[in-house]
Amino acid sequence: MAKILNVTNLGKIYTNGSKKLTVLQDITFKVEEGETFSIVGPSGSGKTTLLGICAGLDRPDSGTVTLCGTELGGLNEDERAILRNRNIGFVFQDFQLLPTLTALENVAVPLELRGDKNALKIGMELLDKVGLQNRFHHYPSQLSGGEQQRVALARAFSNKPSILFADEPTGNLDAETGEKVEQLLFQLNAEAGTTLIIVTHDLELAAKTQNILRLKGGKIIANNETVVS
Ligand SMILES: Nc1ncnc2c1ncn2[C@@H]1O[C@H](COP(=O)(O)OP(=O)(O)OP(=O)(O)O)[C@@H](O)[C@H]1O
Ligand SMILES: [Mg+2]
């Protein structure tokens, strides 16, 4: 099986004045194409930071990330953006919808930017899939947290990504909606072969993925139940 993500000896340090905070240390793992993979760990253990670096949104201080066959460290900002647009979907912990665009526009705009003439039609289909057929013209401020999360998911699916990074995709949803979103994620994996990397506090959700990576204090403490000392 081909590796879609290969992370080696990754480290990240945040500097606050004279204080240095190591948030990720010696992180090494691999994800195979088409795999479902979860990252779990306490609040502040570095999950969001790790996801951002793996998706090329942020840079590490040490180590390498190879995503879809390309080493991210060798790319400039523009080249990373192109790689992201082509291959990656991202669902953020805080949604990051554009506030001046409606739900439909938020989903359709990335498609329009890619020159897709069916952007609106596809946008409607995607919103329909996440159960928001009656919210096309609402702005993010007029939507509940869970509804915004679902718009963000529809947007993440729009470029048919080969790998989807989702940060707490069900964290703000009630049990029933969370279940639906979970089904959508696994459906995408089954139908389109999309590799899923999910950060979650929900251990039941994590248990449904093929691999669980456990972080604590910025370090890997277990990878698929193999304890790393
Ligand atoms: N820009 C930043 N500057 C300084 N410190 C940061 C910055 N971003 C994150 N941190 C710190 O890095 C650590 C890891 O943060 P991160 O957001 O990756 O945690 P997390 O595992 O996603 O937590 P949660 O489950 O609460 O979302 C935290 O201690 C946080 O305070
Ligand atoms: Mg987080």
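Let's start with Thr209. Is Thr209 buried or exposed? Its relative accessibility is 8%, so Thr209 counts as buried, since the cut-off for buried is under 20%. Keep in mind that this is a predicted model. Where does Thr209 sit? In the loop between α7, residues 203–207, and β9, residues 211–216. And what does the side chain of Thr209 reach? The backbone oxygen of Ala206, at 2.7 Å.

Strand β3 covers residues 36–40. Five of its five residues are buried, so β3 is largely enclosed by the rest of the structure. Look at which way the side chains go. Thr36, Ser38 and Val40 point one way from β3. Phe37 and Ile39 point the other way. In a regular strand, side chains alternate between the two faces of the sheet.

Which strands pair with β3? β9 is one of them, in the parallel sense, over four bridges. Within that pairing, Val40 has Arg214 of β9 as its bridge partner. Strand β8, residues 195–199, also pairs with β3 in the parallel sense, again over four bridges. There, Ile39 stands opposite Val199.

Next, an antiparallel sheet. Four strands make up this open sheet, and the order is β2-β1-β4-β5. The pairing is antiparallel. Which strands are at the edges? β2, residues 19–32, and β5, residues 70–71. Each of those pairs on one side only. Strand β1 runs over residues 3–16 and pairs with β2 over 10 bridges. One bridge to pick out on screen: Thr15 with Lys20 in β2.

Now the ligands. Take ligand 1 to begin with. Which residues surround ligand 1? Tyr14, Val23 and Pro42 are among them. Then comes a run from Ser43 through Gly44, Ser45, Gly46, Lys47 and Thr48 to Thr49. Gln93 and His201 complete the shell. By type, that shell divides into three nonpolar residues, eight polar and one charged. Helix α1, residues 47–54, gives the largest share of the shell, with three residues.

Here are some polar contacts. The side chain of Ser43 has an N or O atom 2.6 Å from an oxygen atom of ligand 1. The side chain of Thr49 likewise places an N or O atom 2.6 Å from an oxygen of ligand 1. For Gln93, a polar side-chain atom lies 2.9 Å from a ligand 1 oxygen. How much of ligand 1 does the protein cover? On its own, ligand 1 has 640 Å² of accessible area, and the protein covers 64% of that.

Gln93 brings us to ligand 2, the magnesium ion. Which atoms coordinate the magnesium ion? OG1 of Thr48 and OE1 of Gln93, at 2.0 to 2.5 Å. This pair links distant parts of the chain, 45 residues apart. Thr48 is in helix α1. Gln93 is in the loop between β6, residues 88–91, and α3, residues 103–113.

How exposed are these two residues? Thr48 has a relative accessible area of 40%, so Thr48 is partly exposed. Gln93 comes out at 41%, so Gln93 is partly exposed as well.

Gln93 belongs to the shell of ligand 1, and its OE1 coordinates the magnesium ion.

Note on methods: Residues numbered from 1 in each chain as written. Chains lettered and ligands numbered in written order. Predicted model: local features only at pLDDT ≥ 70, side-chain atom pairs only at ≥ 80, totals over all residues. Heavy atoms only, no water. Near = heavy atom within 4 Å. Polar contact = N/O pair within 3.5 Å; in protein donor to acceptor, adjacent residues only side chain to side chain. Areas by Shrake-Rupley, 256 points an atom, 1.4 Å probe, with all protein chains shown as cover. Helix = DSSP H or I, 4+ residues; strand = E, 2+ residues; numbered from the N terminus. Nonpolar A, V, L, I, M, F, W, Y, C, P; charged D, E, K, R; others polar. Donors = N, O, S within 2.8 Å, 3.2 Å for Na, K, Ca; no water. Buried < 20%, exposed > 50% of the residue type's maximum accessible area, 1.4 Å probe, protein only. Pairing = 2+ DSSP bridges.
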